[in-house]
Every structure is written in structure tokens, then in C-alpha cells.
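Let us walk through a protein model, one piece at a time. Keep the structure in view as you read.

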Amino acid sequence: MKTLFLTTAAATLLLSGNTLIADHSSQRNYTNFIQNSETRLQDYTEYEMLNEKLDIQRYQTKVETDNNNTRILIMSNNDNQEQYKSIFIKDTNRLKIIEFKRGLIFDEVLQ
């Protein structure tokens with residue numbers, strides 16, 4: 001009886017772990033879709049300023065956060081020698097661009 005109970009408990013644990021892994025991987029694929037979609041980046045309010053300041057086309061861009069209040073993008077080149085973070089505050093249209101090595105390089109309200 002103990003063996004049956006332990007086997008059932010172990011199988012349940014393993015199956016629930018696989019479900020969690022599958023759910024996480026599908027979420028990661030959705031993030032990659034956003035990351036690789038150039039059309040989506042061009043639709044962002046801050047896109048023009050980012051392109052003017054950084055030439056955003058040269059960087060791989062990842063959407064770290066995009067909610068009702070803020071959008072945070074991480075931009076880096078292939079060898080990660082140049083990395084930038086943009087923080088766009090939607091309520092006020094404020095854009096901050098931070099270079100990882102030098103710090104804040106842009107902080108203005110976009111018109």
C-alpha cells in the first residue's frame with residue numbers, strides 16, 4: 001500500500017512539474033515573438049527618439065516590461081559590449097535612456 005501511494009505521489013509530482021515547464025516555455029516563446037518583431041517596435045511612442053539617439057536598428061531589442069504604466073526595453077549588440085535600457089513612462093510620455101557603462105544619457109518628456 002505504501003509503495004502504491006509513493007508511486008502515485010511521485011507520478012503526480014513529475015506530471016505537475018512537466019506542466020509548469022511547458023507553460024513557462026510557451027510564455028518565453030511569446031516574449032521572443034515580441035522581441036523579434038520590428039513592426040511592433042516601430043509602433044512604440046518612444047521609437048523615433050530611440051532611433052535618433054541610438055540607431056536602434058543596430059541592436060537586438062528585448063521587451064522587459066510592458067504594462068499600463070511603463071515599458072522597459074533592453075538593447076544590446078551581439079557581443080554585449082554596448083547595452084542600453086529605455087524606460088518609457090506612459091502617463092507622462094517621459095523617456096529615460098540609460099547606458100549600462102555610463103549611466104543616464106537621456107531624460108525628457110516626448111512631445
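We start with the sheet, then turn to a helix and some ring contacts.

This is a predicted model, in which local features need pLDDT of at least 70 and side-chain atom pairs count only at pLDDT 80 or more, while totals for chains, interfaces and linings use all residues. Residues are numbered from 1 along each chain as its sequence is written, and side-chain values use heavy atoms, with hydrogens and water left out.

Begin with the sheet. Five strands form an open sheet in the order E1-E2-E3-E4-E5, with antiparallel pairing. Strand E1 (60–66) and E5 stand at the edges with a single partner strand each, so one side of each has no neighbour in the sheet. On average, neighbouring strands are turned by 15 degrees against each other, direction ignored. Strands (E, at least two residues) and helices (H or I, at least four) are DSSP runs, numbered from the N terminus. Two strands pair if DSSP finds at least two bridges between them.

Now look at strand E4 (residues 94–99). Its covered face holds Leu95, Ile97 and Glu99. Its uncovered face holds Arg94, Lys96 and Ile98. Why two faces? In a regular strand the side chains alternate between the two faces of the sheet.

Strand E3 (residues 83–89) pairs with E4 in the antiparallel sense over six bridges. The two form a hairpin with four residues between them. In that turn, Asn93 has a positive phi of about 60 degrees. Six bridges also join E4 to strand E5 (residues 103–109), again antiparallel. This hairpin has three residues between its strands. Find Glu99: Tyr84 stands opposite Glu99, and Glu99 stands opposite Gly103 in E5. Leu95 has Glu108 in E5 as its bridge partner.

Next comes the helix. H3 (residues 47–54) lies across strand E2 (70–76), E3, E4 and E5. H3 runs at about 30 degrees to E4 (axes are lines fitted to C-alpha atoms, for helices over the stretch in contact, that is, heavy atoms within 4.5 Å; angles run from 0 to 180 degrees between N-to-C directions).

Last, the rings. A search of the whole structure finds one aromatic pair (ring centres within 6.5 Å; planes under 30 degrees apart are stacked, over 60 edge-to-face, the rest tilted). The rings of Tyr59 and Tyr84 have centres 5.5 Å apart and planes at 75 degrees, so the pair is edge-to-face. Tyr59 lies in the loop between H3 and E1 and Tyr84 in strand E3, so the pair ties together parts 25 residues apart in sequence.

Key:
Buried means under 20% relative accessible area, exposed over 50%, partly exposed in between (1.4 Å probe, protein chains only). Rings of Phe, Tyr and Trp (its six-membered ring) pair if their centres lie within 6.5 Å; planes under 30 degrees apart count as stacked, over 60 as edge-to-face and the rest as tilted.
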